[in-house]
Amino acid sequence: MIDVSVIVPAFNTEQYIHKCIQSALEQDVDLELILVNDGSTDETGRVCDYYASRDRRVQVIHQENGGQGAARNLALDLAGGRYIYFLDSDDYLYPGALKTLRDVSDRNELDICAPASLSHYYERPFEYISCLPSRMQFIRRSILEKHAIRQPSSRSGQDGVFSHEVLCFAESFGIAQKARLHYRPNRPGSTFSFFKSKPALVKEIVSSHYQHLGDRYRSADEAFLRRNAVRLLSFINDETLKNRVFPHARHLSVDDVAELIGSFREIGVMCLEHISRGQRASVAPSVIACLHRDPLGAAKILIENYSQLDLMSPLSGQNNVRLKADSAIVCKPLSRKGASREKFSAPAPSFDSLKVQADYTLNVLNHNYLMQRAAFLWQNGSPGALKDDAPIVSMTTIPSRLSTLHYSLLSIITQTIRPKKVLVWLDDRIDFRINDYPYLRKIAEFGVEFIQVPDIGPHTKLFYSLKEKFESPIVTFDDDMIYPDTAFETLYKVHSSHPDCVVANWARAIPKETELREKGIRSGRLLTPPLLEQRLEDNDAYEPYPVLGALAYGTGGVLYPNGCFDDQVTDLKLMRELCPTEDDVWYRAMAIKAGSRVAPTNLGINPRHFSVVSSQATALRHINHGGNGNIAQTINAFRYFRIFDLLNRCE
């Protein structure tokens with residue numbers, strides 16, 4: 001059997017299609033190439049015929065212009081490969097891409113695989129992935145035939161609807177990191193660009209999407225609905241509201257939006273009834289607004305508040321993505337043991353479970369407050385005062401958090417005192433294009449710079465700023481936190497009264513070596529917040545007491561003044577040898593060696609109340625604290641630099 005059927009619909013792409021076809025024919029797999037000339041008026045059809053006359057693997061179909069969905073369906077009926085891959089006629093494959101996709105799919109028994117792609121498509125649990133672009137659909141053909149899956153007749157967005165159906169039946173989805181595709185976004189004349197500029201066609205497009213999906217969901221059994229209810233609700237948010245409605249909101253009337261809501265409301269309500277109480281937190285507020293009100297009332301809310309609702313991405317639980325040795329990222333459905341509602345019996349809540357619920361509630365409230373700050377920012381600009389001596393902010397992130405990074409950055413640029421600038425250091429191996437992240441592109445207008453450098457792990461957030469030798473103090477923030485709007489001002493004020501100290505919103509006393517070895521760094525006394533020990537009315541009279549034997553946690557935000565580190569602070573080789581993942585320990589050891597004390601503030605940022613929901617699956621604190629990984633690294637660094645001896649002498 002043929003390995004791969006490559007399907008290429010083409011319309012007026014004569015200047016691109018040569019390279020597209022050649023890139024497919026040069027792949028080292030057994031393939032067939034099915035070209036569908038979709039009523040082109042230029043030389044595209046002749047180019048297709050030329051290749052068909054010279055290579056027996058090429059088939060050409062000429063049809064009247066009917067759109068990509070109709071073209072792909074025609075080709076699917078002729079396809080004979082084990083796998084299907086949709087290639088757009090203005091894109092092209094790099095050598096070895098299809099072989100890598102085939103091998104990774106075979107090795108991991110994947111139903112869907114994709115070339116190296118932006119992480120936000122697969123960073124959430126499998127059940128929450130609502131749809132995929134066509135370039136990410138390397139599909140096992142048997143799943144299409146078994147469930148009679150074909151593309152809808154929509155003039156735009158048909159690949160999203162199609163992939164949604166495939167995901168509904170798929171058992172696994174993977175990313176082959178070494179398979180590469182050259183993607184040409186927003187090409188003038190492309191289907192996407194054309195329909196993106198036509199708000200009048202939004203109703204027709206959305207209606208065709210849900211006419212197709214409605215047939216599937218209305219005829220589905222209970223098991224299908226329980227499995228895919230969250231996926232459909234995510235599709236409403238991701239594909240319909242964000243991609244179709246919100247970009248054209250200024251051009252749509254309330255009646256138009258009400259009609260759009262009506263097209264998906266029936267199956268949306270059906271799915272909302274089939275999700276658990278825990279899953280309900282994953283549904284975007286914009287979707288809840290549409291399904292809990294009549295269409296006209298919901299439309300008025302969306303029109304009035306779309307700029308804020310658009311920022312509210314669905315909250316998701318812990319990621320179920322795992323990285324395999326062959327560079328394939330594989331997602332599989334979460335376990336559904338005990339999912340039957342009839343047999344479920346809720347145990348009496350324990351104190352710990354109530355505490356978790358309280359923490360979660362505070363976290364959601366902080367998310368909601370951030371949305372208010374963001375709305376003010378978009379309408380009025382930055383609310384914070386700009387001081388001449390304001391520090392700069394330095395931070396880093398990882399690929400899986402790029403799609404949620406805007407939360408942290410929004411909380412930083414809406415502080416009561418504005419940073420002089422914000423530097424985000426990114427791994428130069430990431431294919432980072434700011435236009436792929438609309439929120440980051442908007443945030444960059446407020447003094448945020450994205451700089452790609454060789455990655456050195458968590459140390460990246462401060463290392464490169466130190467190398468720049470800035471005159472201003474440097475504040476480090478984490479990429480998985482939503483900071484209260486006074487976090488920066490609190491650091492700034494304490495720095496003003498203690499200019500030679502490292503200032504921290506979250507700090508602990510460093511325990512003795514024997515206690516550290518047995519219990520870890522958390523056995524040290526918490527130095528912040530003093531409100532745990534002081535009465536509330538004493539807050540304004542708080543005076544920080546600088547401590548040499550203290551560890552400043554990067555989680556809460558740390559201010560480093562000029563000259564606070566020993567000269568070895570940028571010794572990369574030693575850093576990697578002693579503290580490969582504990583940047584807080586490394587920078588603290590370097591500061592202690594230089595005699596710099598920590599001045600704790602009284603803010604006390606608790607990570608459980610301020611973390612970006614869904615960001616914690618890959619948090620370093622699980623390794624460093626949860627797994628006691630910080631014990632070995634702390635002892636390594638402190639022994640090497642004789643920190644324990646120094647602290648003992650200073651007592």
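This is a predicted model: local features need pLDDT of at least 70, side-chain atom pairs count only at pLDDT 80 or more; totals for chains, interfaces and linings use all residues.
User: How do the axes of H8 and H10 lie?

Analyst: Two packed helices are described by the angle between their axes and the distance between the axes. Here the axes of helix H8 (residues 202-218) and helix H10 (residues 254-272) come within 10 Å and cross at roughly 15°, which makes H8 roughly parallel to H10 (angles under 35 degrees). Helices are DSSP runs of H or I with at least four residues, strands are runs of E with at least two, and both are numbered from the N terminus; axes are lines fitted to C-alpha atoms, for helices over the stretch in contact, with angles from 0 to 180 degrees between N-to-C directions.

User: Which residues in H8 and H10 meet?

Analyst: With contact meaning heavy atoms within 4.5 Å, the residues in H8 include Val 202, Val 206, Tyr 210 and Leu 213, and those they meet in H10 include Leu 260, Phe 264, Ile 267 and Met 270. The residues of this contact of H8 with H10 divide into ten nonpolar, three polar and five charged.

User: How many aromatic pairs does a search of the whole structure find?

Analyst: The search finds 20 aromatic pairs, where rings of Phe, Tyr and Trp (its six-membered ring) pair if their centres lie within 6.5 Å, and planes under 30 degrees apart count as stacked, over 60 as edge-to-face and the rest as tilted. The rings of Tyr 560 and Tyr 587 have centres 6.4 Å apart and planes at 55°, so this pair is tilted. Because Tyr 560 lies in strand E21 (residues 558-560) and Tyr 587 in helix H21 (residues 583-593), the pair ties together parts that are 27 residues apart in sequence.

User: Is Arg 231 buried or exposed?

Analyst: Arg 231, which lies in helix H9 (residues 222-245), is buried, with a relative accessible area of 0%; buried means under 20%, exposed over 50% and partly exposed in between (1.4 Å probe, protein chains only). Leaving aside neighbours within four places in sequence, Arg 231 is in contact with residues including Phe 126, Glu 127 and His 164.

Terms used
Residues are numbered from 1 along each chain as its sequence is written. Side-chain values use heavy atoms; hydrogens and water are left out. Angles under 35 degrees count as roughly parallel, over 145 as roughly antiparallel, 65 to 115 as roughly perpendicular and the rest as oblique. Ala, Val, Leu, Ile, Met, Phe, Trp, Tyr, Cys and Pro count as nonpolar, Asp, Glu, Lys and Arg as charged, and the others, Gly among them, as polar.
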